[in-house]
Amino acid sequence: MAFNEDIVALARRNTYFREVLATGPHSQVVVMSIPPGGEIGEEIHDHTDQVLVFVSGEGAAILDGARSQVGAERLVLVPAGARHNVVNTGPTDLRLYTVYAPPQHAPGTIHRTKAEADAAEAEHEAAPEPVVAKG
């Protein structure tokens with residue numbers, strides 16, 4: 001799927017916690033909006049690199065325990081295996097776009113809030129493994 005859009009404008013307009021915009025065979029483009037006092041939540045992607053590019057707001061990125069400030073025009077590279085979180089420390093939404101390589105979420109995923117994202121993740125983790133017929 002080809003994707004050629006004004007990503008900064010899309011990220012600035014986005015009000016959803018997470019929206020997957022485009023998914024290719026080896027990467028994925030997602031926009032995010034984190035409300036004041038909110039966070040992505042500490043996580044590790046064992047086999048996925050993540051690039052986060054901030055377009056508005058103020059926050060902090062925590063990578064393997066090291067905290068650094070983020071805001072408009074900052075880029076953070078989270079290599080696979082790094083424990084990370086992003087926290088909104090400002091008075092307005094922290095807006096960003098992120099690229100996962102390889103893709104991390106199902107194509108077309110929309111999570112309007114972090115609570116919705118957390119519920120979907122819990123449901124995914126609780127789902128039984130698919131049974132593969134051998135024969």
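Which side chain does the side chain of glutamine 50 meet in a polar contact of 3.3 Å? One answer is histidine 45, and the close-ups below start from there. The model is predicted, so local features need pLDDT of at least 70 and side-chain atom pairs count only at pLDDT 80 or more, while totals for chains, interfaces and linings use all residues. Residues are numbered from 1 along each chain as its sequence is written, and side-chain values use heavy atoms, with hydrogens and water left out.

**View 1. Glutamine 50 sits in strand S3 (residues 49-56).** Strands here are DSSP runs of type E with at least two residues, and helices are runs of H or I with at least four, numbered from the N terminus. Glutamine 50 is buried, with a relative accessible area of 1%. (Buried means under 20% relative accessible area, exposed over 50%, and partly exposed in between, using a 1.4 Å probe and protein chains only.) Besides the link to histidine 45, the side chain of glutamine 50 has a polar contact of 3.3 Å with the side chain of tyrosine 100. (A polar contact is a pair of N or O atoms within 3.5 Å; within protein, one must be able to donate a hydrogen and the other to accept it, and residues adjacent in sequence count only if both atoms are side-chain atoms.) Setting aside residues up to four places away in sequence, glutamine 50 also touches others, including Glu43, Val76, His84 and Val99. (Contact means heavy atoms within 4.5 Å.)

**View 2. Threonine 98 is found in strand S8.** Is this residue, threonine 98, buried or exposed? Threonine 98 has a relative accessible area of 0%, so it counts as buried. Its side chain joins the side chain of glutamine 50 through a polar contact of 3.0 Å, and the side chain of threonine 98 also reaches the backbone oxygen of valine 51 at 2.8 Å. Not counting residues up to four places away in sequence, the residues that threonine 98 touches include Gln28, Val29, Val30 and Met32.

**View 3. Six strands line up in an open sheet, in the order S6-S3-S8-S2-S1-S9, with antiparallel pairing.** S6 and S9 are the edge strands, each pairing on one side only. (Two strands pair if DSSP finds at least two bridges between them.) S8 pairs with S3 over 7 bridges in the antiparallel sense, and S2 pairs with S8 over 7 bridges, again antiparallel. Tyrosine 100 in S8 has glutamine 50 standing opposite, and glutamine 28 stands opposite tyrosine 100 as well. Leucine 52, meanwhile, stands opposite threonine 98 in S8.

**View 4. The largest nonpolar core has 18 residues.** (A nonpolar core is a set of buried Ala, Val, Leu, Ile, Met, Phe, Trp, Tyr and Cys residues joined through side-chain atoms within 4.5 Å.) Ile34, Leu52, Phe54, Val76 and Val86 have the most contacts inside this core. The elements giving it two or more residues are strand S2 (28-34), S3, strand S6 (75-78) and S8. A second, separate core of 8 residues includes Ile7, Ala11, Val29 and Val31.

**View 5. A cis peptide bond runs from alanine 101 to proline 102, with omega near 0°.** Proline 102 belongs to the loop between S8 and S9. That loop, between strand S8 (94-101) and strand S9 (110-111), also holds proline 103. At 26% relative accessibility, proline 103 counts as partly exposed. Leaving aside neighbours within four places in sequence, proline 103 contacts Thr23, Gly24, Pro25, His26, Ser27 and Gln28.

**View 6. Aspartate 64 and glutamate 73 each show a positive phi.** Phi is near 50° for aspartate 64 and about 75° for glutamate 73. Most residues other than glycine have a negative phi. Aspartate 64 sits in the loop between strand S4 (58-63) and strand S5 (66-71), and is exposed at 56% relative accessible area. Glutamate 73 lies in the loop between S5 and S6, exposed at 77%.
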